[in-house]
Amino acid sequence: MENEIVLELPTDVRSIEHAVDYVMRRCDACERQGHRLQLNFRVGLTEALANAMLYGNGHDPSKRVRVEIVVANGQIRACVTDQGMGFDYRSVPDPTTPENLLNPGGRGLFLMRQLLDEVSFNDQGNQVTLVLRLDPGPSVLEGGAPA
Amino acid sequence: MSFQVSHNGGVTLVEVEGQLIVGNRQELKQKVLEHLEGGDRKFVIDFSNTGYIDSSGLGVLVSLSKKIREQGGELRLSSLNEDLRTLFELTKLDTLFKIADTKEEALDGF
């Protein structure tokens, strides 16, 4: 079974909490998958949306962020696309090194990489795809439209 | 998010309720800085009723810790749940802050 949620969000960081809560409520798999999905996927999606709005769209309220969530083939996949110019994700420094530990920023991408099974970007750098592999068992997005 | 500020024997206690995330982090920062500018130097931020802190929230705590240290003070944290502890450990911020199990422990230790 394959299920999908698609959201178009304004560039407004206040919308992130509501959007993530909405996705988690719709995701029936979250209840069964429990802690790993509630923590790892929630954190990863939140960080991806924040990066898209703050750094991708540069706080520009005229730009939007597209979110596509698919549960299929034993994994949940989130694709977050902003309307910015993209960035060099390879140049983000490790925030846990002594020289970076006191920096106020730079932990979002690190947390995504730590908590998700796969984190990848398109060539432009304005789209990130997060993958969390689910434990065996049924997993559907409650009320989601079949793909 | 909402927060309660109280004073306990020379320590400013800030209790955060809800999520500390990119959409509301500035509220906490502004409130703590007001007290710092007002002369407070010892701070405890308690997360007994906090479900989640995102990277922006972590960044605000780092920023506040730096500013408080620059003024000769100290910021301590308390009552991190299992998820929050995981985030602090992953980012190694558990090495930057003194983290108490309870707010009482944090206050007593100051």
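Q: How much of chain A counts as buried?

A: Of the 147 residues of chain A, 51% count as buried. The model is a predicted one. The share rests on a cut-off: a residue is called buried when its relative accessible area is under 20%.

Q: Which elements make up chain A, and in what pattern do they follow each other along the sequence?

A: Chain A has four helices and six strands. Read along the sequence, the pattern is β-α-α-α-β-β-α-β-β-β. As for contacts in chain A with a separation of 6 or more, 65% are between residues 24 or more positions apart.

Q: Which residues are in contact with Phe47(B), leaving aside its neighbours within four places in sequence?

A: With those neighbours left aside, Phe47(B) is in contact with Val16(B), Leu20(B), Ile53(B), Leu61(B), Leu77(B), Ser78(B), Ser79(B), Leu80(B) and Leu84(B).

Q: What polar contacts join the side chain of Ser79(B) to others?

A: One, of 2.7 Å, joins the side chains of Ser79(B) and Asp46(B). Another, of 3.2 Å, joins the side chains of Ser79(B) and Ser48(B). Beyond its neighbours within four places in sequence, Ser79(B) is in contact with residues including Ala100(B), Asp101(B), Thr102(B) and Lys103(B).

Q: Where does Thr50(B) lie, and what does its side chain reach?

A: Thr50(B) belongs to strand E3 of chain B, residues 42-53. Thr50(B) has 3% relative accessibility and therefore counts as buried. Its side chain reaches the backbone oxygen of Val16(B) at 2.9 Å. Leaving aside neighbours within four places in sequence, the contacts of Thr50(B) include Glu17(B), Gly18(B), Leu20(B), Asn81(B) and Leu84(B).

Q: What is the volume of the largest pocket, and which residues are the closest to its centre?

A: The volume of the largest pocket is about 600 Å³. Its lining has 37 residues, of which Asn51(A), Tyr55(A), Gly106(A), Arg107(A) and Gly108(A) are the closest to the centre. H3(A) supplies the largest share of the lining, eight residues. Among the elements that each supply at least two lining residues are helix H4 (108-115) of chain A and helix H1 (25-37) of chain B.

Q: Why is H4(A) described as largely enclosed by the rest of the structure?

A: The description applies because six of the eight residues of H4(A) are buried. These are Gly108(A), Leu109(A), Phe110(A), Leu111(A), Met112(A) and Leu115(A). Their cover includes H3, strand E4 (118-121) and E5 of chain A, together with H2 and H3 of chain B.

Methods
Residues are numbered from 1 along each chain as its sequence is written. Chains are lettered from A and ligands numbered from 1 in the order in which they are written. This is a predicted model: local features need pLDDT of at least 70, side-chain atom pairs count only at pLDDT 80 or more; totals for chains, interfaces and linings use all residues. Side-chain values use heavy atoms; hydrogens and water are left out. Buried means under 20% relative accessible area, exposed over 50%, partly exposed in between (1.4 Å probe, protein chains only). Contact means heavy atoms within 4.5 Å. A polar contact is a pair of N or O atoms within 3.5 Å; within protein, one must be able to donate a hydrogen and the other to accept it, and residues adjacent in sequence count only if both atoms are side-chain atoms. On a 1 Å grid over the protein atoms alone, a cavity is a set of points where a 1.4 Å probe fits but cannot get out, and a pocket is an open set with protein on both sides within 12 Å along at least five of seven lines; lining residues have an atom within 4 Å of a point. Grid points are joined across faces, edges and corners, and a volume is the space filled by probe spheres set on the points.
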